[in-house]
Amino acid sequence: MAIALGATGFGVGFRVLVLSSMEHRTPWLTFYPAVMAAAVFGAWRAGALATVFTTLFVVFGWELASPRPFMQGSSDWLGAGAYVLNCAFMVLIAQRMHTASAKAILEKERAEEASRVKSMFLANMSHELRTPMNSILGFAEILADDTTLPQTAREKLQIIHRNGRQLLETINAILEISRAESKGDGNLKLVPLDFHELVFDLQSLFNPSASGKRLELAVHIDPSIPRRVVTDPSKIRQILTNLIGNAIKYTLSGSVTVTAKRDGPERISVEIADTGIGIEPGSIGNIFRPFERTMMGAATASGTGLGLAICAKFAEELGGSVSVESAVGQGSRFCLHFPFLSAVGLPEEVTLPVQVQARLPPGVAPVRVLVVDDIEANRQFLRCLLEPMGFLVLESSDGLDAVAKVSSQSPEIVLMDLWLPAIDGAEATRRIRRDHADRKVVVIGLSASALPDEKEEFRRSGLDDVLSKPVSRTCLALALARHCPLEVHESESTDQSRQDSSIFPTPSDLEIGADWLDRFDLLVRQGDLSGIQAMAVESASEFPLVSEEIVKLVAAMDTRKLRKLAQRLREQCDAEETP
């Protein structure tokens with residue numbers, strides 16, 4: 001209001017000092033800027049007040065600054081009316097500007113609040129979903145390694161663990177796409193990837209479900225595609241997992257074929273073709289939208305309708321796309337197109353061993369580990385992992401109790417959950433650092449959050465390391481080994497499994513020829529388990545150990561080990577032929 005009145009006073013003073021001698025009635029124009037400034041900076045009340053003030057001054061106060069009155073005839077009154085009308089339009093436009101600006105500010109505040117609520121929801125969902133998965137996958141892994149259980153039971157537990165990991169990847173993908181939509185960005189991680197191995201691993205994953213429906217699952221990879229490419233492995237895996245899973249789900253008989261070929265110098269296309277129910281024409285345009293399902297699909301199988309939406313979102317983030325062609329009753333053909341970078345010259349990707357043995361060496365003083373988690377099952381799981389390694393395990397169920405036990409029982413290592421009653425893990429860590437600045441306490445965070453921002457905030461509290469739930473024995477052992485004298489090496493069972501398929505000591509097994517190997521390698525690449533088994537039975541008298549091993553792997557539907565077996569047989573055959 002003060003600005004508006006000041007602008008009005010300046011306009012009046014300017015009129016009196018400079019234009020008082022003008023005979024023409026244009027001095028009205030000198031007051032328009034004052035009214036406009038008042039309306040823009042002070043809204044409609046200030047604009048209306050400036051209009052009234054300037055009009056009254058000209059009509060009744062002009063004689064105070066001029067020897068004769070300003071209003072001398074009807075034309076002067078007409079000009080005053082036009083002035084007032086023009087000022088009214090100016091005030092109205094300025095008020096609309098104020099209203100639009102206020103509305104925009106309000107919408108921005110609402111959007112920020114919605115984003116905050118959504119981020120909080122994602123954090124809660126991440127914790128609620130990943131926390132029980134920690135116990136499910138953890139105990140499945142422990143039982144699968146229990147040699148006192150029958151082999152068949154251990155194999156079933158391995159299936160539970162493998163499918164649980166796949167479920168976890170799906171949960172992470174859903175949280176990731178929700179986070180990206182919330183913040184408007186993606187989280188692309190470009191690293192070297194063995195693309196051939198990834199595709200064949202997916203074939204191994206889906207072979208049981210395909211065989212259960214008597215479907216043929218075949219994989220063909222163009223040899224011109226480099227084995228190692230640079231892309232985002234998790235997004236490629238999730239897209240192909242969803243597309244292959246859908247193809248098997250909606251195919252009642254026939255086959256599912258995965259064909260990867262080069263689509264240009266630095267582009268790859270992966271086509272997933274099935275002989276399933278197909279998609280009705282009216283639904284093709286909507287299937288990549290979240291929660292959209294075709295009528296035939298909804299009637300045939302269950303699902304959330306998120307799989308293809310995730311595929312489209314991740315493909316876009318990769319700089320690629322997903323396309324579809326389909327005909328009702330004849331099947332569908334989905335195709336993923338994505339760019340890649342060359343991995344030539346980059347170091348080989350470091351892979352963690354599947355199973356490890358870890359133990360504190362003899363003669364080392366006992367290491368106390370405080371496990372802080374409000375879920376009893378999680379504490380029990382970590383105890384089952386830590387005690388066989390030789391650690392003395394203490395437990396705490398909330399942040400305040402954890403701070404107190406660090407003072408009273410002096411653990412060397414603390415495994416700290418992020419979400420805790422009383423005070424959270426970050427605050428508990430800060431208090432431990434404050435109270436024990438004179439001694440080293442290793443604090444390793446355990447986070448069930450899928451949000452990078454939340455993990456980064458957790459790190460800033462003073463942690464020495466952060467592990468994501470679900471926690472595996474391998475990751476936990478490697479993290480502990482960085483902070484204490486824990487000896488970690490691959491388990492003998494893992495080493496033995498690698499050697500089982502590499503040495504065949506009998507002379508007959510060493511006489512395998514190149515033709516046999518070519519046929520075996522072709523069947524393995526096609527994923528033709530029935531053909532592989534028939535070949536093994538035919539060769540049982542000639543190559544007994546090899547045939548026995550093949551029959552075991554076919555029964556377990558382990559195409560990954562079949563591929564490794566084919567590779568080792570080839571190497572062994574080449575070595576025998578070398579003079």
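**Close-up views of a predicted model**

**Figure 1. Helices α9 and α13 cross in the right-handed sense.** This is a predicted model. Helix α9 covers residues 376-386, and helix α13 covers residues 473-481. The two pack at an angle of about 65°. Their axes lie 11 Å apart. Angles of 65 to 115 degrees count as roughly perpendicular, and α9 and α13 are therefore roughly perpendicular to each other. From α9, the contact takes in Leu382, Leu385 and Leu386. From α13, Arg473, Leu476 and Leu480 meet them. By class, this contact holds 5 nonpolar residues, no polar residues and 1 charged residue.

**Figure 2. Helices α5 and α6 pack at an angle of about 30°.** Helix α5 spans residues 195-212, and helix α6 spans residues 233-249. Their axes are 11 Å apart. Angles under 35 degrees count as roughly parallel, so α5 and α6 are roughly parallel to each other. The crossing of α5 past α6 is right-handed. On the α5 side, the contact residues are Phe195, Leu198, Asp201, Leu202, Phe206, Ser209 and Ala210. On the α6 side, they are Ile236, Arg237, Leu240, Thr241, Ile244, Gly245 and Ile248. The α5 contact with α6 counts 9 nonpolar, 3 polar and 2 charged residues.

**Figure 3. Five strands make an open sheet in the order β2-β4-β5-β7-β6.** The pairing in this sheet is mixed. Strands β2 (216-221) and β6 (321-327) are the edges, and each pairs on one side only. From one strand to the next, the twist averages 15°. Helix α6 lies across β2, β4, β5 and β7. This helix runs at about 20° to β5.

**Figure 4. Strands β4 and β5 form a hairpin.** There are 2 residues between the strands. Strand β4 covers residues 255-264, and β5 covers residues 267-274. The two run antiparallel and are joined by 8 bridges. Threonine 257 stands opposite alanine 273 of β5. Of the 8 residues in β5, 6 are buried, so this strand is largely enclosed by the rest of the structure.

**Figure 5. Strand β5 pairs with β7 in the antiparallel sense.** Strand β7 takes in residues 331-339. The pairing runs over 7 bridges. Valine 270 faces leucine 336 of β7 across the pair. Alanine 273 stands opposite arginine 333 of β7. Alanine 273 is also the residue opposite threonine 257.

**Figure 6. Strand β13 is covered on both faces.** One side carries Val442, Ile444 and Leu446. The other carries Val443, Gly445 and Ser447. Strand β12 (residues 413-417) runs parallel to β13. The two are joined by 5 bridges. Valine 414 has valine 443 of β13 as its bridge partner. Valine 443 is among the buried residues of β13.

Key: Residues numbered from 1 in each chain as written. Predicted model: local features only at pLDDT ≥ 70, side-chain atom pairs only at ≥ 80, totals over all residues. Heavy atoms only, no water. Pairing = 2+ DSSP bridges. Helix = DSSP H or I, 4+ residues; strand = E, 2+ residues; numbered from the N terminus. Axes fitted to C-alpha atoms, helices over the stretch in contact; angles between N-to-C directions. Contact = heavy atoms within 4.5 Å. Parallel < 35°, antiparallel > 145°, perpendicular 65-115°, else oblique. Left-handed = near helix turned anticlockwise from the far one by under 90°. Nonpolar A, V, L, I, M, F, W, Y, C, P; charged D, E, K, R; others polar. Buried < 20%, exposed > 50% of the residue type's maximum accessible area, 1.4 Å probe, protein only.
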